[in-house]
Amino acid sequence: MILIGQYDSPFVRRVAVALRLYGMAYEHRPWSVFSDAADVARFNPLKRVPTLVLDDGEALIESGAILDHLDEAAGPDRALIARQGAERRRALKLCALATGLADKAVSLVYERVLHKERSDLWMERCTGQIGAVLDVLEADRAAAAGPWWFGGRIGHADIAAGCALRFVGEAHAAVFDRARWPALAAHSDACEAMAEFQAVVQPFSISA
């Protein structure tokens, strides 16, 4: 398999972490959606990452859909999410909140870096949405009894949150107040201490 995209993307990184936790071999093409857009477009006309090219040449897009395939390939006993029921729905909701948080953080970067005239209203809206999601995730994570969200084993919700938190912390250091969200800060530290996370690190580098 070939994973396309740079590891500073929280979406690419969550797929890479899952691949490593599953022990699935892959090649990495660290293509940029800007400077390598033509290369990305050969596999994904949206010119977005992550894109995962399977051994038969099929290209999967969007991190949630990619992980759904990997879960199926790993089998229900090894999947990083509950097979069905309330736990699965809750995990999917947490993943949606974490990836939505990451999406808003990316939008804030684009507004800050790519636009000549910034919209203060849009930046305030994105910042407010990020803070609101962090509040919800903080309360939920603080209430979790085990070392991970659903007990003793890391899952997709943990990974999605960990990747989003690192991105927000690097791209918008003033937004992620570790003292305000201590459970999430501890969660981020636990994720970053794992070899699977450390193997797929790319510091965020775009400057305003």
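How many Å separate the centres of domain 1 and domain 2, taken over C-alpha atoms? The separation is 21 Å. Good morning, and thank you for coming.

The structure before you is a predicted model, in which local features need pLDDT of at least 70 and side-chain atom pairs count only at pLDDT 80 or more, while totals for chains, interfaces and linings use all residues. Residues are numbered from 1 along each chain as its sequence is written, and side-chain values use heavy atoms, with hydrogens and water left out.

Let me begin with the domains. The assignment divides the protein chain into domain 1 (2-79) and domain 2 (85-194); such bounds come from an automatic or database domain assignment. Where the two domains meet, domain 1 contributes 16 residues to the contact and domain 2 contributes 19 residues. Contact here means heavy atoms within 4.5 Å.

I turn now to the interior. In soluble globular proteins, nonpolar side chains tend to be buried together. A nonpolar core is a set of buried Ala, Val, Leu, Ile, Met, Phe, Trp, Tyr and Cys residues joined through side-chain atoms within 4.5 Å. Buried means under 20% relative accessible area, exposed means over 50%, and partly exposed lies in between, using a 1.4 Å probe and protein chains only. The largest nonpolar core has 35 residues, and those touching the most other members are M1, L3, L19, Y26, L52, L70 and F197. At least two residues of this core come from each of β1 (2-4), α1 (10-22), β3 (51-53), α3 (63-74) and α6 (156-171). Helices (H or I, at least four residues) and strands (E, at least two) are DSSP runs, numbered from the N terminus. Which element gives the most to this core? It is α1, with seven residues. Domain 1 (2-79) and domain 2 (85-194) each provide at least three residues of this core. Apart from it lies another core, of 31 residues, which includes A98, V109, L165 and A171.

Leaving aside residues up to four places away in sequence, F197 touches R13, V17, I154, I159, C163, C191 and E192.

Next, the charged pairs. How many salt bridges does the structure hold? There are nine salt bridges, each being a side-chain nitrogen of Lys or Arg within 4 Å of a carboxyl oxygen of Asp or Glu. One of them joins R90 and D140, with the closest N and O atoms 2.4 Å apart. This pair links distant parts of the chain, for R90 is in helix α4 (residues 85-113) and D140 in helix α5 (residues 120-143), 50 residues apart. R90 counts as partly exposed because its relative accessible area is 34%, and D140 is likewise partly exposed, at 22%.

A further salt bridge is formed by D189 and R178, whose closest N and O atoms are 2.7 Å apart. Because D189 lies in helix α7 (residues 182-192) and R178 in the loop between α6 and α7, the pair ties together parts that are eleven residues apart in sequence. E27 and R29 also form a salt bridge, the closest N and O atoms being 3.0 Å apart.

F34, Y110 and L114 make a nonpolar surface patch of about 310 Å². Patches are made of residues with over 30% relative accessible area and no salt bridge, with like charges joined within 9 Å and nonpolar side chains (Val, Leu, Ile, Met, Phe, Trp, Tyr) within 5 Å. Accessible areas come from the Shrake-Rupley method with a 1.4 Å probe; for residues, only the protein chains shown count as cover. F34 is found in the loop between β2 (27-29) and α2 (37-41). Why does F34 count as exposed? The reason is its relative accessibility of 51%.

Finally, the backbone. Most residues other than glycine have a negative phi, and most peptide bonds are trans. The peptide bond from V49 to P50 is cis, with omega near 5°, and P50 is placed in the loop between α2 and β3. K47 also lies in the loop between α2 and β3. Although K47 is not a glycine, its phi is positive, at about 60°. E62, also not a glycine, has a positive phi of about 75° and is placed in the loop between β4 (59-61) and α3.

Thank you for your attention.
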